[in-house]
Structures are given as structure tokens and as C-alpha cells.
Amino acid sequence: RPRPASASAPANLLREGERQKSIGRLGATMATTAAALRRPEVVEFTAALPPSVGTARASVCMVVLDQQILVWIGDRGDPMLQNMHYAVGFAGGGKSDAPVTTLFGNRFHNLGEKLSQRLCGKLGVPVVCSWNVRHGAGAGPEESDLLSNLLVKEIMAKCQSSLQRQQR
């Protein structure tokens, strides 16, 4: 037998009040989560060896996330995605021998693997790196090694300033 409307009204109001509190808690949780998830920052630049050293150059596009960095290195005029490597760091960083895997492309003699490993060790966050620089126009493997060293320094500087801006 259904209850009279007067008897069920307080129970319905009580349930409605609890539902509003739950919705309020959910909204507060979502707002906190949204504040914690910062918008990724995209950083683009071009790096080249000094003319006295060589002719190797590369364009770089980085996506700096809260706990991960994605780096694409290649020729802006002829963009491609041939190799991709993923290095996973440990808390505190500092290790240059972070575990790295090749997601696709050539693993052997690829500077993308070395770069992702070095950056991961220095920054202490996982790094996805895609190295798509071709040897050519006089830039051989030695120049590519020098270019990769230059890129590590520039990426580190830009990444650290980006992470500092995100923390503000």
C-alpha cells in the first residue's frame, strides 16, 4: 500500500538533499582534478651546429605534459615519422641508463633511442622521442652525434623553463 504524500515528502527531501551533496562533492572533485591537469605546452625551435663545426641542423617540436615529454626531431620542410622510442625514468632521475624501448622504426644505431634515454635520465620523467634526421648534405654520423648533444642541452633548458612555468 502506498504511503500518503505527507509521509513520503520528508524522505524524498532527505534523498534529494543527499543527492545535491553528492553532486556538489563530485563537482569539487572534478574542479580539483581539472586544476591539477595542466594544459600541455608545445615548444618549437630549430638547432644547428656552428658553421665551423658542421652543417647538421634539425627542427624540434616538444609537447611538455605534467609527467611526460614528447619530442619530435626532424626536418620541418620534409616532416616524417620513421622512428619512435620510449624511455621510462625513475623518481629522482639522474640515471642516464633509463630503460628504453623502440615503439616503431629502426632500433639499431638510432639517436632517438639515445636521446630519449638521456633526457629521461636527466629530467626524471618518461620521454617519447622520434628522431627523423637524415644524413645528407655533408652531415655524417659524427655531425649527427654532435647535433644530438646540442639538442639535449637545448631541450633540457626549454623543458625546465616550461615545467617551471607550469608550476606557477
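**A surface patch and an open sheet**

Modeller: In this predicted model, Leu81, Leu103 and Phe104 form a nonpolar patch on the surface, and together they have about 270 Å² of accessible area.

Biologist: What makes Leu81 partly exposed?

Modeller: Its relative accessible area is 49%. Buried means under 20% and exposed means over 50%, so Leu81, at 49%, counts as partly exposed.

Biologist: Where does Leu81 lie?

Modeller: In the loop between β3 (69-74) and β4 (84-87).

Biologist: Why are β1 (41-48) and β5 (100-104) said to stand at the edges?

Modeller: The open sheet has 6 strands in the order β1-β2-β3-β6-β4-β5, with mixed pairing. β1 and β5 each have a single partner strand, so one side of each is left without a neighbour in the sheet. From one strand to the next, the twist averages 20°.

Biologist: How do you know that β1 and strand β2 (residues 57-64) pair?

Modeller: Pairing requires at least two bridges between the strands. β1 and β2 have 8 bridges, in the antiparallel sense, so they count as paired. Arg57 in β2 is the bridge partner of Ala48.

Biologist: Which strands does helix α2 (residues 111-123) touch?

Modeller: Helix α2 packs on the sheet and touches β3, β4, β5 and β6 (127-131). The direction of α2 makes about 150° with that of β6.

Biologist: In what order do the elements run from the N terminus on?

Modeller: The order is α-β-β-β-β-β-α-β-α, with 3 helices and 6 strands in the protein. Of the 168 residues, 33% are buried.

Conventions. Residues are numbered from 1 along each chain as its sequence is written. This is a predicted model: local features need pLDDT of at least 70, side-chain atom pairs count only at pLDDT 80 or more; totals for chains, interfaces and linings use all residues. Side-chain values use heavy atoms; hydrogens and water are left out. Patches are made of residues with over 30% relative accessible area and no salt bridge: like charges are joined within 9 Å, nonpolar side chains (Val, Leu, Ile, Met, Phe, Trp, Tyr) within 5 Å. Accessible areas come from the Shrake-Rupley method with a 1.4 Å probe; for residues, only the protein chains shown count as cover. A salt bridge is a side-chain nitrogen of Lys or Arg within 4 Å of a carboxyl oxygen of Asp or Glu. Helices (H or I, at least four residues) and strands (E, at least two) are DSSP runs, numbered from the N terminus. Buried means under 20% relative accessible area, exposed over 50%, partly exposed in between (1.4 Å probe, protein chains only). Axes are lines fitted to C-alpha atoms, for helices over the stretch in contact, and angles run from 0 to 180 degrees between N-to-C directions. Contact means heavy atoms within 4.5 Å.
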